[in-house]
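Trainee: Before we start, could you walk me through this structure one question at a time, explaining each term as it comes up?
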Amino acid sequence: MGKPLPVDLRERVVGAVDEGQSRRKEAERFGVSISSAIRWTSCGGGRARCSPSARGDKRSGRIEAHRPLILSLVAAKADITLAKLRTALAERGIAVAISTLWRFFERHRITLKRRPGMLRKAAARTVAALERAIVEAIDTFTPTEWANYFAAAGYDAT
């Protein structure tokens, strides 16, 4: 997306039209679109009509209003998935898309990682310690999540 045209160019177009020139003629003279010249001159008086609109960093006020609830749900269950979080919010009457939740967490630099890499993190040095780490890991995920993990890793479900 291109950058907005400078305010001084906008003011020159508006000033020329205010002096009695046609909007179309001044648009051609300054090399801007006719629709821009019309929009700048018909929005009211003063510098505000020439200022470009705010751009970027659009935040969903609707999701931000529920920030404390979302963060409390994540704190209650740190390994919650976006789908489960969406379901929990829907039960409270808050309908949001998973992509909205994803952008919310990205904006707040919060990660929700659920990976069976906890065996590596356990760094078990003995067989008994490795067995304990495996038992703890098994209880962390549902059978469906384990099946998806192994399928994604290339193992056959047979």
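Mentor: Let us begin with a term: contact means heavy atoms within 4.5 Å. Please keep in mind that this is a predicted model, in which local features need pLDDT of at least 70 and side-chain atom pairs count only at pLDDT 80 or more, while totals for chains, interfaces and linings use all residues. Residues are numbered from 1 along each chain as its sequence is written, and side-chain values use heavy atoms, with hydrogens and water left out.

Trainee: Which residues is E26 in contact with, leaving aside its neighbours within four places in sequence?
Mentor: E26 is found in helix α2, where helices (H or I, at least four residues) and strands (E, at least two) are DSSP runs, numbered from the N terminus. Once neighbours within four places in sequence are set aside, the residues in contact with E26 are A16, V17 and Q21.

Trainee: Is E26 buried or exposed?
Mentor: The terms rest on relative accessible area, found with a 1.4 Å probe on protein chains only: buried means under 20%, exposed over 50%, and partly exposed in between. Because E26 has a relative accessible area of 1%, E26 is buried.

Trainee: What is the relative accessibility of A27, and which residues does A27 contact beyond four places in sequence?
Mentor: A27 lies in helix α2, which spans residues 23-30, and A27 counts as buried because its relative accessibility is 0%. Although A27 and V17 are 10 residues apart in sequence, their C-alpha atoms are 9.6 Å apart in space. Leaving aside neighbours within four places in sequence, A27 is in contact with V32, S33, I34 and A37.

Trainee: How many helices does the chain have, and what share of its residues is buried?
Mentor: The chain has 10 helices and zero strands, and, read along the sequence, its pattern is α-α-α-α-α-α-α-α-α-α. Of the 158 residues in the chain, the buried ones make up 24%.

Trainee: Why is α5 oblique to α6?
Mentor: Helix α5 (residues 67-76) and helix α6 (residues 82-91) pack with their axes 11 Å apart, at an angle of about 125°. Axes are lines fitted to C-alpha atoms, for helices over the stretch in contact, and angles run from 0 to 180 degrees between N-to-C directions. Angles under 35 degrees count as roughly parallel, over 145 as roughly antiparallel, 65 to 115 as roughly perpendicular and the rest as oblique. The angle of about 125° therefore makes the arrangement of α5 to α6 oblique.

Trainee: Which residues make the contact of α5 with α6?
Mentor: From α5 come L69, I70, L73 and V74, and from α6 come L85, A88 and L89.  These divide into seven nonpolar, no polar and no charged, where Ala, Val, Leu, Ile, Met, Phe, Trp, Tyr, Cys and Pro count as nonpolar, Asp, Glu, Lys and Arg as charged, and the others, Gly among them, as polar.

Trainee: What distance separates the C-alpha atoms of E64 and F104?
Mentor: E64 has its place in helix α4, residues 61-64, and touches F104, R107 and H108, not counting residues up to four places away in sequence. E64 and F104 are 40 residues apart along the chain, and their C-alpha atoms are separated by 7.8 Å.
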